[in-house]
Amino acid sequence: SLSLAEEESGIFDLPDVAGAPGEEVLLASLEGSDEQKGVKSDKGRRTSTDAKDIARLLHVCQASSRYWKGFTASEMDLLATWMMLHTARAGKCLLREGQEAAFAGVVVAGTADIYVGGRLVGELCEGDVLGEMAMFKGGARGADAVASQSKASTTVAVLPFSRLAALSAKHPALGFKVLRVFASACVGKLRAMRLRNMPRERFRYDPMPPAKLYLMMQAAHCREESQLRGVVEYKDLWTLAEKMGVLVVSEGERVIRKGCVATCVLLVLEGEVEARLDGRESALLGTRSAGEFVGEEAFLVGALEKGERTVDVFAGEGGATLAVIQHDHFAWLHDSDPATAIRVYCRL
């Protein structure tokens with residue numbers, strides 16, 4: 001049962017026992033809170049004063065979240081009338097692994113930490129979707145969502161599955177847009193889960209005196225097909241040479257392995273490399289020679305999140321020598337020499 005203070009504040013903590021009907025109890029508590037406020041029911045829709053608060057919070061989320069950009073103000077106002085506010089104190093569960101799922105929601109204030117098997121795997125910020133994965137796969141929650149300790153509490157705009165069904169029946173266009181947002185969030189989290197389970201690539205590259213590496217890069221820079229020409233200046237090459245290592249590979253040796261999490265960009269200094277679909281004997285997708293970058297796509301895709309290697313790369317005839325630029329070194333370059341960083345990014 002809830003204390004009077006908890007009922008008045010809207011704060012409710014899920015039971016600690018996995019499998020307990022915590023979410024149904026939570027929804028019943030929120031429904032009861034609406035009724036105490038004199039809310040009028042309209043086939044699942046609520047027209048309480050809370051709806052104005054939810055709408056205001058959703059509008060704020062639109063400014064920072066990638067999910068809600070395509071919604072009009074009137075659509076957000078309408079969606080808010082189908083939702084309820086739930087606040088959890090810092091350190092308390094918003095969702096508990098193993099419990100039967102009954103709702104999805106949107107973090108509208110504060111942040112939530114996500115744990116799988118007791119291990120922190122991510123964080124949800126304002127505007128992020130919470131609890132949608134269980135809606136698509138059914139059954140119990142696959143993770144804990146805990147109100148972050150960084151703020152006193154975290155608030156979620158809750159949309160019970162039953163209300164989402166009613167919303168979709170009454171307002172099909174809005175229901176479809178909400179489902180599309182939930183599906184997008186679900187796909188993003190599935191991709192993140194896959195990346196967490198992927199091995200990170202590791203290169204055993206050799207250090208080289210910057211002066212020698214600079215001369216090799218300068219020779220590559222002079223080649224007509226070089227990606228460095230026209231924008232990257234010679235002084236930029238010296239800046240890069242101070243942070244690079246060198247990878248020397250024999251003919252047919254693997255340079256990049258498909259299915260790994262990318263950690264660097266490579267620049268061919270000598271020889272040639274071959275990009276293949278899946279293994280040494282698979283279809284040849286293309287080649288890169290001296291002065292051209294290799295593996296830059298995963299770096300660009302991974303600018304905001306980790307990038308995945310999508311092809312295999314092998315050394316061509318006669319082997320190859322490549323300069324290795326770790327992703328962390330790009331961050332250093334951006335901070336220490338922004339002009340050089342911009343010129344290099346343009347060539348990537």
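Predicted model: local features only at pLDDT ≥ 70, side-chain atom pairs only at ≥ 80, totals over all residues.
Student: How are the planes of the Y214 and W238 rings arranged?
Tutor: Rings of Phe, Tyr and Trp (its six-membered ring) pair if their centres lie within 6.5 Å; planes under 30 degrees apart are stacked, over 60 edge-to-face, and the rest tilted. A search of the whole structure finds three aromatic pairs. In the pair of Y214 and W238, the centres are 5.7 Å apart and the planes stand at 75 degrees, so the arrangement is edge-to-face.

Student: How many residues apart in sequence are the parts that Y214 and W238 tie together?
Tutor: Helices (H or I, at least four residues) and strands (E, at least two) are DSSP runs, numbered from the N terminus. Y214 belongs to helix α8 (residues 210-221) and W238 to helix α9 (residues 234-241), so the pair ties together parts whose separation in sequence is 24 residues.

Student: Is Y214 buried or exposed?
Tutor: Buried means under 20% relative accessible area, exposed over 50%, and partly exposed in between (1.4 Å probe, protein chains only). W238 has a relative accessible area of 36% and is partly exposed. For Y214 the relative accessible area is 18%, so this residue is buried.

Student: Which residue has the charged end of R280 over its ring?
Tutor: A charge sits over a ring if NZ of Lys or CZ of Arg is within 6 Å of the ring centre and within 35 degrees of the ring normal. R141 lies over the face of F103, at 5.3 Å from the ring centre. The charged end of R280 sits 5.5 Å from the ring centre of F314.

Student: What is the bridge partner of D113 in β9?
Tutor: Strand β6 (residues 112-116) and strand β9 (residues 144-147) run antiparallel and are joined by four bridges. In β9, D113 has as its bridge partner V146.

Student: How many bridges pair β13 with β16?
Tutor: Strand β16 (residues 312-326) is mostly covered, with 13 of its 15 residues buried. Strand β11 (residues 245-249) pairs with β16 in the antiparallel sense over five bridges, and L247 stands opposite L322. Strand β12 (residues 254-256) pairs with β16 over two bridges. For β13 and β16, the antiparallel pairing has 11 bridges.

Student: Which element gives the most to the lining of the largest pocket?
Tutor: On a 1 Å grid over the protein atoms alone, a cavity is a set of points where a 1.4 Å probe fits but cannot get out, a pocket is an open set with protein on both sides within 12 Å along at least five of seven lines, and lining residues have an atom within 4 Å of a point. Grid points are joined across faces, edges and corners, and a volume is the space filled by probe spheres set on the points. The largest pocket has a volume of about 1000 Å³ and is lined by 35 residues, of which V121, G122, K189, A192 and R196 lie nearest its centre. With seven residues, the element that gives the most to this lining is α7.

Student: Which element gives the largest share of the lining of the largest cavity?
Tutor: The search finds one cavity of 30 Å³ or more, and the largest cavity has a volume of about 40 Å³. Its lining includes T239, L240, H329 and W332. The largest share, three residues, comes from α11.

Definitions and conventions:
Residues numbered from 1 in each chain as written. Heavy atoms only, no water. Pairing = 2+ DSSP bridges.
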